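Please keep the viewer open as you go through the points.

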Amino acid sequence: MRNRILLLIFSFIFSVNVLQAQFYVGLEDGTEIKHENLFLIQPAFSKKYLESGDGIKYSLDDVKYYHNHNGYYLKRVKKW
């Protein structure tokens, strides 16, 4: 009985961690910020930006990399 309770507790903890997706933004200054939701907004007549579920906006000029629902993005570095 005790083993079943422990198994139930561990499976619940694991399932909660899996369901809470972690998306992140890496800024040019080296800061990495995690969010539960992260969306790429592409307006027709202005610059693209990232917006978190909290309403925080990130200009793509300030973003070095990010991970969201669609995958990963890494800014290309030009070598001269």
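To start, which residue forms a salt bridge with Glu28? Keep that in mind while turning the model, which is a predicted one.

1. **The partner of Glu28.** It is Lys75 that forms the salt bridge with Glu28, and their closest N and O atoms are 3.1 Å apart. This pair links distant parts of the chain, 47 residues apart: Glu28 sits in the loop between E1 and E2, while Lys75 lies in the segment after E7. Glu28 is partly exposed, at a relative accessible area of 43%. Lys75 is partly exposed as well, with a value of 25%.

2. A search of the whole structure gives 2 salt bridges. Besides the one above, Asp61 forms a salt bridge with Lys47, with the closest N and O atoms 3.0 Å apart. Here too the pair links distant parts of the chain, 14 residues apart, with Asp61 in the loop between strand E5 (57–59) and E6, and Lys47 in the loop between strand E3 (38–41) and E4. Asp61 is partly exposed, with a relative accessible area of 47%. Lys47 has 58% relative accessibility, so it counts as exposed, the cut-off being over 50%.

3. **The sheet.** Now look for an open sheet of 4 strands, in the order E2-E1-E6-E7, with antiparallel pairing. Strand E2 (32–35) and strand E7 (71–74) are the edge strands, and each pairs on one side only. From one strand to the next, the twist averages 10°. Within the sheet, strand E1 (residues 23–27) and strand E6 (residues 63–68) run antiparallel and are joined by 4 bridges. To find a spot where they meet, go to Leu27, whose bridge partner in E6 is Val63.

4. **The core.** Which residues make up the largest nonpolar core? There are 9 in all: Phe23, Val25, Leu27, Leu38, Leu50, Tyr58, Leu60, Val63 and Tyr66. E1 and E6 are the elements that give two or more residues to this core, and E1 supplies the largest share, with 3 residues. In general terms, nonpolar side chains tend to be buried together in soluble globular proteins.

5. **A buried serine.** Is Ser52 buried or exposed? At 3% relative accessibility, Ser52 counts as buried, because the cut-off is under 20%. Ser52 belongs to strand E4 (residues 49–52). Setting aside residues within four places in sequence, Ser52 is in contact with His35, Asn37 and Leu38.

6. **An exposed tyrosine.** Finish with Tyr72, which is found in strand E7. Tyr72 has a relative accessible area of 67%, so it is exposed. Not counting residues up to four places away in sequence, Tyr72 touches Tyr24, Tyr66 and His67. Tyr72 and Phe23 are 49 residues apart in sequence, and their C-alpha atoms are 9.7 Å apart in space.

How values were computed:
Residues numbered from 1 in each chain as written. Predicted model: local features only at pLDDT ≥ 70, side-chain atom pairs only at ≥ 80, totals over all residues. Heavy atoms only, no water. Pairing = 2+ DSSP bridges. Axes fitted to C-alpha atoms, helices over the stretch in contact; angles between N-to-C directions. Buried < 20%, exposed > 50% of the residue type's maximum accessible area, 1.4 Å probe, protein only. Contact = heavy atoms within 4.5 Å. Core = buried A, V, L, I, M, F, W, Y, C linked by side-chain atoms within 4.5 Å. Salt bridge = Lys/Arg side-chain N within 4 Å of Asp/Glu carboxyl O.
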